[in-house]
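Please open the model in your viewer and keep the selection tool at hand.

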Amino acid sequence: MSLVGSYVALSKPLAATLPIFLLAWLRFGIGAVAMVHWLPKPADEPKLTASTRRLLFLEAFLGNFLFTLCMISGVSLTSAVTAGVIMAGIPAAVAVMSWLFLKEHISARTWFAVALAVLGIGLFSLSKQEHSAHSAHALIGENASNMAWLGHLLLVGAVLCEAAYSVIGKKLTGTLGPKRITSLINLWGFALATPLGVYTALRFDFSAVGWSTWLLLLFYALAACMWTVWLWMTGLKAVPAAQGGIFTVLLPVSAALVGVLALGESLNAMQLLAFALALASVLLATLPSRLARRVRS
């Protein structure tokens, strides 16, 4: 999640240079080439069943394709601050879905850590300096006001997609290895992005893209499609999905730190408090039980 936050912050120039569908297609394509040696079935892996194939497709469709569309469309109809507040519900959504679909037992300590995570992300979103600017912009134009409700629904959809990604990933780790899962869902993502990606590529001037942008795209693709997914799936093999969902708080933390260290941004007091709550949630979720009881008391 820390790596995700890092490449999200550093990928702003990519979104400004490349159309979103072309960016997604190139990302999955680079990932497919990098992970071609991960695709063959290991000798000790069971044959893919129809159920596992469906889960792999849903993992790619919900976690990669639909999540991106819901997030981008939702932000365009509301604001980045609204998106941050709604996305703060991801740890709670993961906990509820893991309880419903995976039958995981969720302790009081995990629920308390989830609450801290939601509070931390929410405070961070509300403390952003562009809050007033976005709010003012949202009030301009009757159309923007009328479509805000659709933006909220799309962002809630993005939360559910991300939660489903964690829960389905946990299910897949029971039968497949992390490298195999990573390569297969990336291949599905490439297939889903290809129609619109090719359509956009045929109308795009690639000569206008500088070499520094291509290098950034290479890092973004490897980080987004390969490194982070492999790390996440490897972690889910040993960590309950509900507990793993709490680690999503590290995404805004690392994104903000990259903004401060590399992009010249600054932090205010409320953001520092939000980060403290976010890190406290991760600490509480991972402490040994006896020490965690002392911390709570």
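The stops below state what to select and what is found there.

This is a predicted model, in which local features need pLDDT of at least 70 and side-chain atom pairs count only at pLDDT 80 or more, while totals for chains, interfaces and linings use all residues. Residues are numbered from 1 along each chain as its sequence is written, and side-chain values use heavy atoms, with hydrogens and water left out.

**The whole protein.** Of its 297 residues, 46% count as buried (under 20% relative accessible area; exposed is over 50% and partly exposed lies in between, with a 1.4 Å probe and protein chains only).

**Helix α11.** Select residues 211-236. This helix of 26 residues reaches 36 Å from its first C-alpha to its last, close to the 38 Å expected at 1.5 Å a residue (1.5 Å times one less than the number of residues). Next, centre the view on Ala223, where α11 has a kink of about 40 degrees; the bend is the angle between axes fitted to the seven residues ending there and the seven starting there.

**Helix α6.** Select residues 90-101, which form helix α6. Is Val96 buried or partly exposed? Val96 is partly exposed, because its relative accessible area is 35%.

Methods. Helices (H or I, at least four residues) and strands (E, at least two) are DSSP runs, numbered from the N terminus.
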